Each structure stands twice: as structure tokens, then as C-alpha cells.
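Thanks for coming. I will go through one model today, starting with charged pairs and ending with the core.

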Amino acid sequence: MAGGEPAGGHRHAWAVGKVRRAEAREEPAVDQVPERLGEEAGSGPAEVAWRTPRTLEPAPAKAAEQGTGSAQPSRPDADEGEAAARTAGPDRGRSTVSGNTFNGPTASVIGDNGVQNNYFALALPDPVELGAQRLGHVVLAQWRQEAALRGLLGPDPIPVRWRATSGAELADHVERTGRPGGASTADLASFADVFSLPKRRRLVVLGEPGSGKSSLAVLLVIELLQRMVAGDPVPVLLPLASWRPAEEHLTGWLERQLLREYPYLDRGTVRELLARNRVLPVLDGLDEMPAAERPNALRALNTAMAAGIALILTCRTEDYRTAVRSSSVLREAAVVEADPLTAEEAAQYVLRSATPQQQERWRPLADALREDPSCPAAEVLRVPLMLWLCRTAYGPRPDGLPGELADRCRFPDAAAIESHLLDSLVPSVYPVGPQPPPQPGRRVSREALWEGRRADPQRVSHWLGFLARHLERRGMPDLAWWELGNAVRLGPRMAVTGLVCAVFVGLLVGPLDGVRAALAYSGPEPGLRPRLVHGIVIGVADILINAVPAAVAFAIAHGVDFAFKGGAVEPSRVRIRLGRGARRPGARSCSEILARAGLGIAGGLAGGLGIGLLQGIARKFLWDDPYALRVGLVDAVAYGCVFAVVGGPVGAVMAWCEAPEVIESAPGPRELLARSRKAVLLQSLLFAPLFGVGVAVAGWLAVKLLDGYLWGVRLDWTIPGGLRFGLLTAFGVGLGSMLSLTAWGQWMVFACLWLPLTGRLPRTAMAFLEDAHRRGVLRKAGAVYQFRHTRLQQHFARPAVRLQRREKPSRR
């Protein structure tokens, strides 16, 4: 047996053979065939499928000449195999048995005594073809489900007309792109026919906001997958916002995205699919990349297409025009642009999409559109998004009257109609009801567990309204995750930051000191109970001693940092490059390093003074020590000086070793959040121990210089005790600094804690933002989100409506 490449590109690893030999006799013809097959097996699988038929042909003829038997195909349905072979590749006209058994040339020799020998070429599976076929099934199921959720699979799609653009401003030479005719979303088959031509597998889809670019991409992916045959590339729709062409090659980015979205694929299969051009990238949203990256993306795509890759790209028209001016058009790609709907097309659509029983409800609106094509309703319904919202808002309501949109007394202008229709956006894209089960072969989406997918539309509108009003107050369209804390005024923000820092610092230091005190207990009353009581008292006292000054110190530090920077803390990442120092690219400036050193001195002084004074007050109330306040004052001065001396250099070193994150080149909001979290944790692990060791050494040196006394109070300081105190203080200070002075910490305090507690955001804010982007409410612009339309942001920024408390479900 040998391996072979079957016709049509398909391979089936299924072979059936039965050999019965007579004990007393060997057929010469029977022996010759396996020898020849064995010789050909060494030639490689590609040659066996071509050469085996020539080897097998003499065997049946020789058997017939001997008169000892007959030669025939090994199955009675061989005629069907021959018919299939006539239409397939290099085996055309040769006997082939295909189906679920085996595929390839076969021969059967029957000799004396009923001895039958079956010979065939074993067809081994092609892992790349199998991978492409399975990927196609998974992608098709994915976008069929998504199109159903978006309402794109109805019997009457919105007839958006796509006009071919051949001008030099947006498209390549006509002789390179051809002259594609216009097409419509309602006739995807003809659209796919034109795209499937050998020289037409590159397409750019342009349009204004709400014109249906992403919807066309989804429907075109489904149409191409439904007609895909063996050897065709698999269309895969991927959002382009996370690609940074200056940092990552297109192939590497595609590989990473495929492995992320379809984790069942192994890296080797993905690389083979990409190397053989078996993936058709459908790149949605060039306009969602940072403006500076778009020309780089076009240049990288042109380089990739020189290797024969096919692709589909969507972008807003004006953004594409701007990017083309700085780089080049997409070479050899046909460019189509959406035309606005006419009033007649909108009227025909609302009537055609209604059932016969409901058409009379829609006829007044259709008549108004035809009678006055310039009326406000016609102006609004020329946009496919608004026409879809109109159909969605009035479709399921038997008592709804769509004709009221043409009433100029109720809706005097287009803005009033838009606002009315946008009220139905959230109920349309956040439908109430059970969600479909997760699809096999795809990663479990982070949004799948988000509570908002089961929340009522009123709460979703409330959360979106909070975000829109936050942007309106800032006067900017960019929704940055690290600036969500600025939605709270500075005074309350300082109070919340100080309170959260106090809780975490107290819970970190207090229990550790309590356990240590319980283990070291040597009081007059033996036993477990006195030991536990002593440990609990010390632990609670330490919580109060550390929490109160932490609250004051970190609240002040947050306010000072905000006043110095004039805004929210931006994300940063740590770079440990000790050799080149401040001259390395992206390093902090000298003024920033000195400011961080000053902040460390001020914070260390405030924290040390607070800890020392509160220790004295605690001793006074717990043990009624007459010298407690005096000792506490000495401790406050000593701790404050030591912490300031150590905090200043450590703060300067921290600033020296970090560089600001380039927000414009960040791959996406979640990725930037992960980088910021990693940077903050790395800072804590590196510099908290450094601060602890510095406190232990500085305290020991200070005691030595003062000969063990300050203002008549004996100073007791040892290296082990100072190291314990310094490490606990360092990790407490590090935790407080993370929460009050870093972008990730402020995200945790406000977006993950305070804003959800006050009902202004859901508990999983990032998942909510990602889900709103997937549903088309938000769009990405680099590392920030934006409302997909300015009118949408203005709509949600209206005065908030007080939410009613949700009733708890009855247990009856």
C-alpha cells in the first residue's frame, strides 16, 4: 500500500482490503502488483496517485489472458467511482472508488479456488485541508449566530447599494482592479461571484458611519463560506484595531489572532494555513486603528499582497482618504462605497419587510416618504442604521404607528426623529432572553459571564449614559479606562482612595503583627486563650495604627499627584535598563524624577509621623503608659526622618527605571490594562524590598549616630527588628502607592469597586465595554473607546433617569 493525493484535494484515511490465498498455489499476476506498488511507494505519495493506475492496468488484463479468473473493481459501485474520477484532476478517466471507504485507483484479481487479492492506493489525510475545512465550519457557525443576533439574516435585508469607486483618490489603476459593477446587500450572491474571480480577491469596503460596512463584511463571510470548496481560502473576520504594523508583522498578528479566537487550532496548522494562503483575512475597521498607524497598515498590507494574499478591508471613507494621502491605495484592490438609500428604497423596504397582516400599519410612513422625499423622516431613514432601528422599534409592537415619524408637529426635525429611534437601540442590541450556548472550537468569551448580558435594557442605558456624560464633561470623545476615576470629583476621590488604601494596608499589616504577637506571648497567664486574646488585641491595634495614617497619607499623595499632573495618572511600564540611565529613549525627564523623589520624601515624612504618633496614642489608651505620648512623639520624628530619607531615593529610582506607555501604539484597552498591571506589580516586587532594607539600615545608622537616645528616650533598634518593620511598612506603602498613584490602581479602586457599588457601572466594567464594542455601540480608537457616532454619545448624555430598584425574584 502507498499514499497518494486524491482528486479534488480531499484525502480520506480509510482503506479496506481482504486477501485470501490458496495454500498450494501462488498467482504470478497477484505477486507482481504488490511488488510494483511497493516500488512506487518509495517514490512519494504525490507520484503514487498518478502512477498506480498505470501499474494496475496490466494486472487485470494478464489475469484475463490466463483464463484463471476475472479482474474487476473491488466494489459493485465502482461505476460511481469512475464517474467521480472523470471530473477530478489527474485521475480523470481511471477507476476510482470514493466515499467513506478509500479514495484512489484500485484493482482486484480473482484466481483459482476463489482466491481474491485487492490492491489499492492508501489515501492519507491532508492535515492542512482538514484544518481549513474545520476552521470553515467553526467560522460559519460563529457568524451565522452573530448575524442572527444582529438581525441580518431576515428574508428582507436592507438594500444598501455599493458603488464601485475607480477614482485615483481611493483606488488603484482600472486595468489592475477591473471595472466591477455595482452590487447590493440584498444580492450577496452576485457580490460574491465578482469577488471570487481569480483577479478580484482584494476588496476595500468604504462608507460613512452607520452605512453597513461591518454588516456587509459579516454577510460576505457567510456567503463565501457557504460556497467554499476544497482548496479555497477560509474567510475569517477579524477586528483590525489591535494590529500595530510597526511592531508586529501581519502574518504574526494573524497567527496570534487565530490562535486566540480558535484555540483548538495548533500553531503548526495555523502557520501552514497562512503559508499556503488558505486564510482570507476580512479586516474590519481600519478607522479603529490610531491615525498614525493607518498609513503603516496600508504599506504593510501592500507588502503582504505582493506575496499573493487575498483580503477584504473595511474603513470609513474619510479616514481611508486621509490614510491614502500619507501612504498608498491598496494595490490591485477593488473599492466599493456605500450609497445613501433613497426615499423610494426606504419606502419599499418598510413595506416589503412587513408581513401582509402588518403592511397597512407601515403604509402611511411609506406614502409620506414617497410624497415628500425631502422630509425629516426621509432624511433620517436614508441611513441604514436608522432604517433598521425603525423596523426594530415598530416591528414587534402591534399598536405602534410608524406613520407618526412623518408627523412634523411631534417630530419637527431630523434630530427629534433620530433621538426617538435611538431610544430603541439598547433594547435592539441587548435583547432580553437566554443567550445561545458557547460554540465548539471557539474560546470562551470574557463577556459570556458578564452580568450585563442578562441585565435589563434600562440598566444598560443607565451605564452608557454615565459614560456619555463623563465624556461630555471632559469635552473629548475618547473613553480611556484610566480616566474613569475622574468622573468622581477630586474631594470625594481623595476620600475614597484614602479609605480603600487604609483598609488594604491595615489588613496586610495588622494580622501579621497579631500572629507574631500571639506566637511570642510570654504573659503571666499561660494557655491558648490568653495567647489568642493578646494576638487579637495587638492585631486590631496595628490595624488602627497603620490604617489611619495610610488613609491620610495616600489621600494627600493622590491629591498632590493629581494637582501636579493636572489630570489622571497615565499607564506606565517598567524598563530595567541600568546602563544607559536617563538618556535611553522614553525615559522620565529630570524634573519628573525630582518630582517623584519629592513625593517620596513628603509621603515618607507624613507616613512616619502618622505611624509614630498613633503608636503613642495606642499605648496610652491600651496600657495607660504615662510616657506613651512622649515616646510616640520621638517615634514619629524618627520614623518620619527615616522614611523620608529612604523614600526620596527609592521614588527617584522608580521614576528613573520606568517609561511612559505610548498610548497611541497600544494594541487595545484590555492589553494596555494588562501591561499596566504587570508594570505595577513588577514595581512593587522590585522596590518594596529595597525600601524595607533601606529602612532597616537607615534606622540602625540613625540610632548609632544618636548613641541610642533622642530627647531622653532610649531608641531600641536592631537589624532583624528593623528589617521586619521595614518590610511590613514597605509592602504596606507599596500597596497604598499602587492603589493611589498608578493608573491600574485607580482603575481597581473606582471602575472595579466604587463605581459599581454606587450603581454607575457594572461589576465587570472592561467586559461591559468590550461587549458594547462587539454589539456596535462603541468603537475602538487605539487604546480607547468611543461611541460609534457623535449623535449616539449626545443621545446617551441626556439627563439621567433614576433607576428603580429591581425586585427580587419570588421563591414561590
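I begin with a network of salt bridges that links Arg-161, Arg-163, Glu-337, Asp-339 and Glu-345. Please keep in mind that this is a predicted model.

One pair within that group deserves a slide of its own. Asp-339 and Arg-163 meet through their side chains in a salt bridge, at 2.9 Å from N to O. Asp-339 sits in strand S10, residues 334-339, and Arg-163 in strand S4, residues 161-165. The two are 176 residues apart, so this pair links distant parts of the chain. How accessible are the partners? Asp-339 has a relative accessible area of 16% and is therefore buried, the cut-off being under 20%. Arg-163, at 36%, counts as partly exposed.

How many salt bridges are there by this rule? The count comes to 28. I will show two others.

Asp-372 forms a salt bridge with Arg-408, and the closest N and O atoms are 2.9 Å apart. Asp-372 lies in the loop between helix H14 (359-371) and helix H15 (376-381), while Arg-408 lies in the loop between helix H16 (384-394) and helix H17 (414-422), so the pair ties together parts that are 36 residues apart in sequence. Here Asp-372 is partly exposed, with a relative accessible area of 27%. Arg-408 counts as partly exposed too, at 45%.

The other is between the side chains of Arg-227 and Glu-223, at 3.1 Å from N to O. Arg-227 is partly exposed at 30% relative accessible area, whereas Glu-223, at 17%, counts as buried.

Next, a strand. Is S7, residues 234-239, largely enclosed or largely open? Of its 6 residues, 5 are buried, so S7 is largely enclosed by the rest of the structure. S7 pairs with strand S8, residues 279-284, in the parallel sense, over 6 bridges. For a landmark, look at Val-236, which stands opposite Pro-281 in S8.

Which residues of H10 are buried? They are Thr-269, Val-270, Leu-273 and Leu-274. These four cover an arc of only 130 degrees around the axis, which puts them on the same side of H10.

Now the two ends of H10. At its start, a side-chain oxygen of Asp-266 reaches to within 3.1 Å of the backbone nitrogen of Gly-268. Just after H10, Asn-277 takes a positive phi of about 55 degrees.

Last, the nonpolar core. The largest one has 160 residues, and the members that touch the most others are Leu-313, Tyr-320, Leu-330, Leu-421 and Phe-787. Which helix gives the most to this core? That is helix H8, residues 213-226, with 9 residues.

Take Leu-330 as an example. Leaving aside residues up to four places away in sequence, Leu-330 touches Leu-313 and Tyr-320, and its other contacts include Val-204, Leu-298, Leu-301, Met-305 and Leu-311. Asp-172 and Asn-302 are also among the residues that Leu-330 touches.

I will take questions now.

Conventions:
Residues numbered from 1 in each chain as written. Predicted model: local features only at pLDDT ≥ 70, side-chain atom pairs only at ≥ 80, totals over all residues. Heavy atoms only, no water. Core = buried A, V, L, I, M, F, W, Y, C linked by side-chain atoms within 4.5 Å. Buried < 20%, exposed > 50% of the residue type's maximum accessible area, 1.4 Å probe, protein only. Contact = heavy atoms within 4.5 Å. Pairing = 2+ DSSP bridges. Arc of directions from axis to C-beta. Polar contact = N/O pair within 3.5 Å; in protein donor to acceptor, adjacent residues only side chain to side chain. Salt bridge = Lys/Arg side-chain N within 4 Å of Asp/Glu carboxyl O.
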